[in-house]
Each structure stands twice: as structure tokens, then as C-alpha cells.
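Here are my notes on the model you sent over, point by point. Have the structure open while you read.

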Amino acid sequence: MNSKSKAWWLGHSAFRLESPSGKVIYIDPFLTDNPKTPDNLRHPDDVDYILLTHGHEDHVGDTLDIAERTGCQVLAQVELSHLLKKHGLKDDQAIEYNKGGTVHFDDFSVTLVNACHSSSFGGEYAGEAGGLVVSFEDDICFYHMGDTNIFSDLELYGELYEPHVIAIPIGDHYTMGPQEAAMCCEMLGAEIAVPIHYGTFPVLTGTPEEFREFTKEYAETKVVIPKPGDQFLGN
Ligand SMILES: [Zn+2]
């Protein structure tokens, strides 16, 4: 038994989390084609759950391969889940979810919440994009914002979920950039922010240093900047 939840950033929007009892959870496992993911972390074989924020390639990534290799459960918003099944995901591995709903497991739960973004998979409409609130038994609440801009529900999310750690997109172009992201930190009142969705491709120009500077202006949140592959929680 582990006693604490753990988290590693794998580059872009991809994370490995471990629950207190040792369940292994991947979020948005874009790994083999992710130029920032370290080589030795591209082919995990000990996955219990994959959680998806939306259908774009840089988020679904290796989901179907990992699911086939490991037999893990895949949680995706309803329309995306249907498309994944069309592309080979087995029925008994698919768990659908939708916004506001919470799915409970042994020592953690997952709530799908809003994100302001689009979603498609394989050229087909894949429902709405979301963010994920993962709450662990040891009271760690990890909020992965998915791809999004700033929106006023975040104040409610701060009140409702009291996130300890937020994973927040800062790269600009397809999502918000550093200044909007810093304002989200204030709205959420998070203790720790981990910047994501930057530097993977040349168009994602927002930098974690700019984000850290803006955050000092707006919020008390501590900005933690892991290198791809680094563990930043529970170590
Ligand atoms: Zn993206």
C-alpha cells in the first residue's frame, strides 16, 4: 500500500497518477508521438485507468494501444467513448461520463467539469471538451483543466472542489496563455499550479516563466514547473 497520492508530468497534457492504494491512472496519454515525453516513459504497461479530457489527438494519444496492451478502463465523455469503441475499444473497457457527474472507484473519484474548447476524434464530432477533478482518499484534489480559456465557473469550482493541485494550459494559440492562466489561479485559489500544453510544438509559445511572473501579480498559488518525466507530488 502506498500512503499518499503521487503524480508525474509526462509532457504536454499527459500525467501519470497513483492513488494511495497504488492504482495507476493516466490522463491524456499522448506519449509515443509527444516530442517531450522521455523515451523510457512512452510505453507504460501497468495502467489501470485512462481519463480523457477530450478527443483531440494530442490528448487521446496512445489510449487505444495502451487499452489493448493492458486491459485498462478508459473514461471518456459519451460521444468520444462511442467513437473510441468504433475504433476498437472493447465495450467492457469503456466507461462513459459527462459533466457534473462523479464516477467513484476504491480510493479516488473523477468528476468531469467544463472546459471552453472543442472536441473531435478521427475527423468526427466527439462531444464537448472537459476538465477533470480527481479526488483521492488522502484528500488530494487534482484538477486537470484540459484545454480551455478562462471562464467564470472557475470561481465555483474553487469553492466546490478546493483543488490542491491544478494542471493548467498556458501555451497560447489553442488554449489560453500565461496571463489568463494566472487569473484562473486566483479564481480557483489553488495551492499549486503545474503549467501544461506549452513548448510541445512551435506554435505553443507561452512559457512557464511568464506564467510564474503573472501568477505573482494575481494569486498566492505556488507555480511548480516539473521537467517531462518528473514526479512532483507524493515524493
Ligand atoms: Zn490540446
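1. First, strands β5 and β6. Keep in mind that this is a predicted model. Strand β5, residues 73-77, pairs with β6 in the parallel sense, and four bridges hold that pairing. If you want a landmark, Q77 stands opposite Y97 in β6. Helix α3 (residues 78-86) lies across β5 and β6, and runs at about 130° to β5.

2. Now zoom out to the sheet these strands belong to. Seven strands make up an open sheet with mixed pairing, and the order is β6-β5-β4-β3-β2-β1-β16. The edges are taken by β6 (94-97) and β16 (231-233); each has a single partner strand, so one side of each is left without a neighbour in the sheet. Direction ignored, neighbouring strands of this sheet are turned by 25° against each other on average.

3. Strand β1 (residues 6-9) runs antiparallel to β2, with four bridges joining the two. W8 has R16 as its bridge partner in β2. Five residues lie between the strands of this hairpin, and G11 takes a positive phi near 95°. On to β3 (residues 24-27): four bridges join β2 to this strand, again in an antiparallel run. Here L17 stands opposite I25 in β3. The β2 and β3 hairpin has five residues between its strands, and G22 in the turn has a positive phi of about 95°.

4. β2 deserves a look of its own. In a regular strand, side chains alternate between the two faces of the sheet. In strand β2 (residues 15-18), F15 and L17 point one way while R16 and E18 point the other way, and all are buried. So what about a charged residue like the one at the end of that list? The place of E18 is in strand β2, and E18 counts as buried because its relative accessibility is 12%, under the 20% cut-off. The side chains of E18 and R16 are joined by a polar contact of 3.0 Å. K4 is 14 residues away from E18 along the chain, yet their C-alpha atoms are separated by 8.4 Å.

5. A histidine to check is H56, in the loop between β4 (49-51) and α1 (57-60). Is H56 buried or exposed? H56 is buried, with a relative accessible area of 18%; the cut-off is under 20%. Its side chain makes a polar contact of 3.5 Å with the side chain of H117. Setting aside neighbours within four places in sequence, H56 is in contact with H117, S118, S119 and S120.

6. Then there is the other sheet. This one is also open and mixed in its pairing, with seven strands in the order β7-β8-β11-β12-β13-β14-β15. At the edges stand β7 (102-104) and β15 (222-223), each with a single partner strand, so one side of each has no neighbour in the sheet. Within the sheet, strand β11 (residues 130-136) pairs with strand β12 (residues 141-144) in the antiparallel sense over four bridges. The bridge partner of V133 in β12 is Y143.

7. Helix α5 (residues 178-188) lies across β12, β13 (165-169) and β14 (192-196), and runs at about 155° to β13. Which residues of α5 are buried? They are P178, A181, A182, C184, C185, M187 and L188. These buried residues of α5 pack against β12, α4 (153-161), β13, β14 and α6 (208-218). Just after α5, G189 takes a positive phi of about 60°.

8. Last, the domains. The domain assignment gives domain 1 as 1-134 and domain 2 as 149-226. Their centres, taken over C-alpha atoms, are separated by 21 Å. The contact takes 17 residues from domain 1 and 17 residues from domain 2. About 1400 Å² is buried between domain 1 and domain 2, and carbon and sulfur atoms give 68% of that area.

Technical notes: Residues numbered from 1 in each chain as written. Predicted model: local features only at pLDDT ≥ 70, side-chain atom pairs only at ≥ 80, totals over all residues. Heavy atoms only, no water. Pairing = 2+ DSSP bridges. Axes fitted to C-alpha atoms, helices over the stretch in contact; angles between N-to-C directions. Contact = heavy atoms within 4.5 Å. Buried < 20%, exposed > 50% of the residue type's maximum accessible area, 1.4 Å probe, protein only. Polar contact = N/O pair within 3.5 Å; in protein donor to acceptor, adjacent residues only side chain to side chain. Domains from an automatic or database assignment. Buried area = accessible area lost by both parts, 1.4 Å probe.
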